[in-house]
Amino acid sequence: MWHRIAAFIIKFRVTLLVLLLAATCVMGYYASKVELSYEFTNAIPTDNPKYKDYQAFRKQFGEDGNLMVIGVQTDKFFTPDFFADYAALVTQLEKVKAVENVLSVPGAINLVKDTTTNQLKVVKLYTDSTADAAAFSHAFLNLPFYKGFLYNPETGAYLMALRIDKQVLNSKNRAGVVNEILALSDAFGKKHGIEMHYSGLPLIRTMMAAQVQSEMNLFLILSFVLTAVILALFFRSFMAVLASMLVVAAGVIWSLGTVVLLGYKITLLIALIPPLIVVIGIPNCVYLLNKYHAEYNKHQNKAKGLLRMVDRMGIVTLFTNITAAIGFGVFFFTKSAILKEFGLVAGINIMAIFLISLIFIPALFSFLPPPKGRHTSYLESGWMTRLLNAITTWVFGHRMWIYAATIVICAISVMGMMRLNSVGHIVDDLPKEAKVYQDLLFFEKNFRGVMPLEIVIDTRKKNGAVGLPVLQKIDELAAYLKQYPEIGHSLSVSEGIKFARQAYYDGDSSSYAVPNMFDAAFIQPYLRGGGGADKKSMFNKLLSAFMDSTKQKTRVSISMADVGSKRLPVLLDSIRPKTLELFDTSKYDVTFTGTSIVFLEGSKFIINSLRDSLILAFIMIFGCMIALFRSWRILLISMVINIVPLLITAGIMGWMGIPIKPSTVLVFSVALGITIDVTIRFLVNFKQELAHHDDDIAETVKRTIHDTGLSIIYTSLILVAGFGVFALSQFDGTKSLGYLTSLTLLLAMVTNLTLQPALLLWMDKALRKNKSADFLRDDEETPNS
């Protein structure tokens, strides 16, 4: 069959090249329309209860992840010049397009009792730049409502929070809004010689999106340059390098076009696909060209060399690309949107790069003159021959040492695996030395964090949320939460009521408390919108942000540190009993939600999905191995060869304290899909050569090491270098994916050239005992490869 395919490609080469060019132009048109994703792609499925709770919360109360915070730390905050400029900065920020409102010290309000109407009036503490900063300071610091929320008296840190329009946050205009906020704030900081600190999910998401775009371009360029250099050193042929670069360039265009055609956008994961296509596509070119050169060297016939290249390497390249596509494509079968998108785009385009290389390489080289002597001199490289001879000597002379070393290393690796921990953070991918990460630590130190956690309490009855018993319970819960150092200020309707009670007692800060049964009669009309109070007043708007329209449901909004997926469940398990003790489930419905909860659930879901995907990949890939070789011994050997590198990588992670998180679990499925390629190429060559050596396994192993060793070493180096560029990423997750995958591929090269032939020799010994080698000879004709 493959001989007919080869003849078809050569016969209709012009038509096929024109069709390939036309298809690439069409995909290029769609690729030009590719867009960055500015939204958090759902890590958990839409039918997950935690996801449903979060969506219900967002529908009821709005976004919890659209606050950007700006912090300063100074002991001159209330000096006239500094404070006037700070107030001017707040005014400037309020005018920035898409900034809905700014919560700040100069924008602080006070509640004042109007003795004539016996109502509460909302009064701005700071009116203009001529106001007395000292008098403002005295009035502001007398309001406990803002303590721990807008300022920390112990550390001299002050905070302002900007609420940004959700629609703008999910569009390309977000970067402009965030950059304008940063520019205005930095100008203020420069004028007064103080450092400005920034955090919040809008900022973090913007920084990540910008970094994703710049890194995708960088990795694409680096992967092209590195692979081109290695190919030039390998083939010493400009046309061989150019042809390979054109193949992967078309593959990159197709991958970006696929993203648009499927209705996806560039996410942190999808941004890895173009450079991955370069890294995975180049070995196709190397193996095809290597076979072409070897056949031409043998027969000095270009046409025969091209035909035998496709005839012998077509099935091998097909199966290696299928297994690589499986390694990525299994992610499509998860319920995580971000993994499904990555898996589908990667799987489709790995098969596309196979098709492109299978058509383009033989078609193009049929028009070119035959290779010259210098182009094929690498086939007889002196240092490579010596290296392969050394490997052969070790395999035949020191097999027991290879077995012993493998067993010892695997045992140590298993011990390392026992030390693995699963942990993730919302800002996991941010480099620890980056300003945005250091600023996050600033807010955790001074305000105990800015990550949102929400507790929603459903009282099951209208106006239940403003009942005195409920307010007292909420206040008791807030007091209980303060004992945890990871939990910062909490905002709720009870805080607003305490503020109102202080105003009722003429601003006495000692009266900042939940009303008792004696003074509750005054407060209640304001909560219900009665007593002649302006229902559209700022105070009522403040309260409505924490209750639904029927006042049946209320929320407790908590700012907390990014404690990670390991600590957060423990923290929630500590909080939940007290919450349920206060709000009996027979009378109330209590829901824990917010970005922190969704992240925790998403992190667990992705890790579990990746684990399941790895198992599915094993099953599907080794199913392909059975179909290709029809031998349980070959299957066993291939399993051992590919499990050992993964085991060693997992062990190294354990010993080095690298945690299990989505980016590191991803390594194993990706590496498995690629490392099995080397095993298939070695074993297919072994099976082909076996018939030519009268079923002499020992002689066939020796020949296979020399026939495939050269291309295995070079393609492995290309893969290691290609994935190695990801180690330059600013994202820890991408960095881990880069160096851990490179390590696994390097280990796989070693096991495929040492342990695999050693195990084949063990198989030879076992077969000699059985006096049969028929298991490798099918009744049907062996497929050409």
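Student: How many cavities of 30 Å³ or more does the structure hold?

Tutor: A general idea comes first: rolling a probe the size of a water molecule over the atoms shows where empty space is left. In this predicted model, the number of cavities of 30 Å³ or more is six.

Student: How much space lies in the largest cavity, and which helix gives the largest share of its lining?

Tutor: The space in the largest cavity comes to about 120 Å³. The elements giving two or more residues to its lining are helix H10 (273–299), helix H11 (302–329), helix H24 (662–692) and helix H25 (697–724). The largest share is five residues, and the helix that supplies it is H10.

Student: Which residues lie nearest the centre of the largest cavity, and how do the lining residues divide by class?

Tutor: Of the 14 residues that line the largest cavity, those nearest its centre are Ile280, Pro283, Asp677, Arg681 and Leu719. By class, the lining of the largest cavity divides into eight nonpolar, four polar and two charged residues.

Student: Are H8 and H25 roughly parallel or roughly antiparallel to each other?

Tutor: Helix H8 (residues 201–235) packs with H25 at an angle of about 160 degrees, and the axes are 9 Å apart. Angles over 145 degrees count as roughly antiparallel. H8 and H25 are therefore roughly antiparallel.

Student: Which residues make that contact, and how do they divide by class?

Tutor: From H8 come Leu226, Thr227, Ile230, Leu231 and Phe234, and from H25 come Leu710, Tyr714, Leu717, Ile718 and Ala721. The residues of the contact of H8 with H25 divide into nine nonpolar, one polar and no charged.

Student: How many nonpolar residues does the contact of H23 with H26 have?

Tutor: On the H23 side the contact includes Ile641, Val644 and Pro645, and on the H26 side it includes Leu740, Leu743 and Thr744. This contact has four polar and no charged residues, and its nonpolar residues number eleven.

Student: At roughly what angle do the axes of H15 and H23 cross, and is the crossing left-handed or right-handed?

Tutor: The axes of helix H15 (residues 399–417) and H23 come within 7 Å and cross at roughly 45 degrees. That angle makes H15 oblique to H23. The crossing of H15 past H23 is left-handed.

How values were computed: Residues are numbered from 1 along each chain as its sequence is written. This is a predicted model: local features need pLDDT of at least 70, side-chain atom pairs count only at pLDDT 80 or more; totals for chains, interfaces and linings use all residues. Side-chain values use heavy atoms; hydrogens and water are left out. On a 1 Å grid over the protein atoms alone, a cavity is a set of points where a 1.4 Å probe fits but cannot get out, and a pocket is an open set with protein on both sides within 12 Å along at least five of seven lines; lining residues have an atom within 4 Å of a point. Grid points are joined across faces, edges and corners, and a volume is the space filled by probe spheres set on the points. Helices (H or I, at least four residues) and strands (E, at least two) are DSSP runs, numbered from the N terminus. Ala, Val, Leu, Ile, Met, Phe, Trp, Tyr, Cys and Pro count as nonpolar, Asp, Glu, Lys and Arg as charged, and the others, Gly among them, as polar. Contact means heavy atoms within 4.5 Å. Axes are lines fitted to C-alpha atoms, for helices over the stretch in contact, and angles run from 0 to 180 degrees between N-to-C directions. Angles under 35 degrees count as roughly parallel, over 145 as roughly antiparallel, 65 to 115 as roughly perpendicular and the rest as oblique. A crossing is left-handed if the near helix is turned anticlockwise from the far one by less than a right angle, and right-handed if clockwise.
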